[in-house]
Amino acid sequence: MDFSIIQYSKFMTLLAMLLQNLKTLHMSLEDSIKWLGEVMAEIGPTHSQKSEDWNIFDVKQANAIIDYLKISLFQHYKLYEFMFFSAREEIVIGTEQVIEVVKSACSPFPNPLEEGISSDIYSTFIEPPTTLDTEMKGLDQEQSPEESQPETDTSNMDPLVGFTIEDVKSVLDQVTDDILISIQTEINEKLQIQEEAFNARIEKLKKA
């Protein structure tokens, strides 16, 4: 419509006030039409002796504005009422999750996955030796001076001289029992520690 800057300003103010009346005053469609007629009578064409500054819109422009409001705001008035007054269900587009971070790589907890290694390498090079292994190493060191005798003396001597089959079985049974008891005790301790850790995590999840 080739509006001037003042006409653009008046038109946008008019549209904003109509929406504001609907939103805050809960003005009905009939009341909005009456209010628009009163406002257009003030800013539209007039035959009174008012100054020309009040004649913002001519008849053609006023009719164009009314036609626009009719097909935009008034035709969809129920939709605007629903948008301003009806409660809508809030759509959840995000959620928060609590992630428990892996503890530091110290016994009895394993390394994180990105630092994971095979169990063979861990038990051979990283896991601290058990008490039984330490005692066995001590016995080997104590026996090492005796083993340093000339090879001529040990090569011709049977290490089982003086022992019967029952003695050998008895020694093997004793050593096997000691090893199994130590391993079983160590496994039970580790299982107990892991069970306590899992119970603590379950309690955290219940509280969350």
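Start with S72, which is buried at a relative accessible area of 18%. That label applies because buried means under 20%. This is a predicted model, and its secondary structure comes to eight helices and zero strands.

**Overall picture**
- From the N terminus on, the elements simply read α-α-α-α-α-α-α-α.
- The protein has 208 residues, and buried ones make up 14% of them.
- The protein exposes about 17,700 Å², with carbon and sulfur atoms supplying 58% of that area.
- Take the contacts between residues at least 6 apart in sequence: 62% of them join residues at least 24 apart.

**S72 and helix 3**
- S72 sits in helix 3, which covers residues 59-74.
- A polar atom of the S72 side chain lies 2.6 Å from the backbone oxygen of Y68.

**The nonpolar core**
- The largest nonpolar core has 19 residues, and L14, I65 and L69 are the ones that touch the most other members.
- Helix 1 (5-24), helix 2 (29-43) and helix 3 each put at least two residues into this core.
- Once neighbours within four places in sequence are set aside, I65 is in contact with F3, F11, L14 and F57.

- V171, V175, I179, I183, I187 and L191 make a nonpolar surface patch of about 480 Å².
- One of these residues, I183, belongs to helix 8 (residues 165-207).
- I183 is partly exposed, at a relative accessible area of 41%.

**Salt bridges**
- Side chains of opposite charge can pair when their charged atoms come close.
- The count here comes to two salt bridges.
- In one, the side chains of E81 and K78 meet at 3.9 Å, N to O.
- Both E81 and K78 lie in helix 4 (residues 77-85), three residues apart, or about one turn of the helix.
- K78 counts as exposed because its relative accessibility is 68%, and the exposed class begins over 50%.
- In the other, the side chains of K190 and E186 meet at 3.5 Å, N to O.
- K190 and E186 are four residues apart in helix 8, so about one helical turn separates them.
- K190 counts as partly exposed at 32% relative accessibility, and E186 is also partly exposed, with a relative accessible area of 23%.

How values were computed: Residues numbered from 1 in each chain as written. Predicted model: local features only at pLDDT ≥ 70, side-chain atom pairs only at ≥ 80, totals over all residues. Heavy atoms only, no water. Buried < 20%, exposed > 50% of the residue type's maximum accessible area, 1.4 Å probe, protein only. Polar contact = N/O pair within 3.5 Å; in protein donor to acceptor, adjacent residues only side chain to side chain. Core = buried A, V, L, I, M, F, W, Y, C linked by side-chain atoms within 4.5 Å. Contact = heavy atoms within 4.5 Å. Patch = residues over 30% accessible without salt bridge, like charges linked within 9 Å, V, L, I, M, F, W, Y side chains within 5 Å. Areas by Shrake-Rupley, 256 points an atom, 1.4 Å probe, with all protein chains shown as cover. Salt bridge = Lys/Arg side-chain N within 4 Å of Asp/Glu carboxyl O.
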